[in-house]
Amino acid sequence: MSLRRWSAPKALALVAITAAWLAAGVGVYLALGAHRATVAAGASRPGEEPAVAGPLQRLPGTLYLVQNGTLYRLQHGSFTPLLTARGTASWTMPAVSPNGQSLVVVRRDYAYSDLYLVDTNGHTQAQLTHDASGTVELNHWAMYPKIGADGSTLWFSYDPKDVYSSYNVVMAVWSMPLGGTASQMREWTIPHDYTGGDVQPVPLPSGAGVIYTKYALETAENRIMGQLWLSNRAGTAGVALTPPDDDCSQPALSPDGRRVAMICTGGKQLASIEVAAFDGRTLGPRQVVVSGQLAAQPTWSPDGQSLVYLAAEGITGHFQLWRQEVPPSPPIPSDVPTPIPTRPATPPPGAQVGSPTPSVSTAQAVPTPTPIPPPPPVKLTTNLDFDATSTIAWHV
C-alpha cells in the first residue's frame, strides 16, 4: 500500500487506535499487578512484626524453631533469636533436655555437621561431635538429635563410612552418653544402602528401644519410601510399625509414651498427620487428624492434648506454624473378666470323678468406639517461613 494513499484523518485514526491499545494494555497490567502476591518480598523474620493477641500468645511453655538457619525461642507469642546463621554455617534440629535447661542443636556446615550442647539462651556449653576432616570424603553428618528421658543419653543419626564406597552416605541410629566421646558411640540400626538410611530417632521413655524412620527402595515403582520401625536392641534389624506403601516418617512420641504421631503421604505430594496408640511393641489403628496439607514436623504439646506442626500456605509456599487439637484415644475394648480359677475340692475316697465339662463363653464382642473427629487446625503465624526440614522442640 502506498503511503500517499494515507490521508490525514486516516493517520490520526491509526494513532488513536494505537494509543487505545497501549492504554488498555497498561491498564490491564496495573490491575492484575494490584492483585499479585508479593512473593519477591519474602517472609518476615520472627519478631519483626508486633505481637498480636491470639492463639500464638496462648501457647504454653517454650518452643524452639528454625527459620533460614537461625534458631528462635518462642515464649508467650514473642520470638527471640538464639543462634544466628553465619557464612556457610547454619543451625537446625533443636532437641530440648527433659529438665528444659539445655538444648542439643545441629550446626550444619558446607560438607559436614556437628552436634552442640547449648543453654536456653544460645550460649555454647560443649561441642559433642567433631565430624570435619581434612579429606571431604571422610567428613561425617550428625543429625536429628534427641535426649533420652534419663537426661544423660544422646540419640542421633550418623553416617558410618564405607571405606570402599565413600559416596554411599547412609545414616544409622546411634546413641552415646551426653558429653561422651566417639569411642562410646553405639550403633542401633542396620540401614539399607543407597537409600538415605535410618533417621529421626525417638527413644522410648524406658531407654530400652527407639522408634525411627527407615528409608528403603520400593521396587514396584522404583522409588524411596519411608517406614516407621522399632528397635529394642542395639545392632539388630528391628521390626516395621507401618507398611512401606504408606510412606510414613517423622515419628513423634507423646509425653506419656502411649501414642505416636507421624507424617504419611502414601507416595503423594500432600501429607496427612496421623496418630496411633502405642503399647511399646506395636501401633494401634491410625487416625488422621490433619489431611490435605504439605505438612511436616508434628510435635506434641507437653500435656499431650495437641500437636504443632509446619505446613506450606498460599502461592508463596512459606511454611507457617499450625496447631491441631488431638482427640483422646478411644478406650481399648476388653472382654468380660475371666473368673479367677480356684483349686477343686478333693473328692472322697472311692468317688467317681468325671471329666470337666467345657465351659462356653457367653461374652459378646464389645464394638470398637468410633473415634471422635478432630476440630480443624489453627494457623498460628501468617508471614513467616520456618525450615520444614528442622524439628521443633517444645517444653513446658
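**Figure 1. Contacts and overall make-up of the chain.** Among contacts with a separation of 6 or more, 46% join residues 24 or more positions apart. The model is predicted. It holds 1 helix and 24 strands. Of the 396 residues in the chain, 42% are buried. The exposed surface comes to about 22300 Å². Carbon and sulfur atoms supply 57% of that area.

**Figure 2. Close-up of the aromatic pair Trp91 and Tyr116.** The whole structure contains 7 aromatic pairs. In this one, the ring centres of Trp91 and Tyr116 are 5.6 Å apart, with the planes at 75°. The pair is therefore edge-to-face, as the planes exceed the 60 degrees required. Trp91 belongs to strand 4 (residues 90–96), and Tyr116 to strand 6 (residues 113–119). The pair thus ties together parts 25 residues apart in sequence. Trp91 has 10% relative accessibility and counts as buried. Tyr116, at 13%, counts as buried too.

**Figure 3. Close-up of the aromatic pair Phe156 and Tyr158.** The ring centres of Phe156 and Tyr158 lie 6.3 Å apart. Their planes meet at 85°, so this pair is edge-to-face. Phe156 and Tyr158 are both buried.

**Figure 4. Close-up of an aromatic cluster.** Three residues make up one cluster: Tyr72, Phe79 and Phe386.

**Figure 5. Close-up of a lysine over a tryptophan ring.** Lys214 sits over the face of Trp229. The distance from Lys214 to the ring centre is 5.1 Å.

Conventions:
Residues are numbered from 1 along each chain as its sequence is written. This is a predicted model: local features need pLDDT of at least 70, side-chain atom pairs count only at pLDDT 80 or more; totals for chains, interfaces and linings use all residues. Side-chain values use heavy atoms; hydrogens and water are left out. Rings of Phe, Tyr and Trp (its six-membered ring) pair if their centres lie within 6.5 Å; planes under 30 degrees apart count as stacked, over 60 as edge-to-face and the rest as tilted. Helices (H or I, at least four residues) and strands (E, at least two) are DSSP runs, numbered from the N terminus. Buried means under 20% relative accessible area, exposed over 50%, partly exposed in between (1.4 Å probe, protein chains only). A charge sits over a ring if NZ of Lys or CZ of Arg is within 6 Å of the ring centre and within 35 degrees of the ring normal. Contact means heavy atoms within 4.5 Å. Accessible areas come from the Shrake-Rupley method with a 1.4 Å probe; for residues, only the protein chains shown count as cover.
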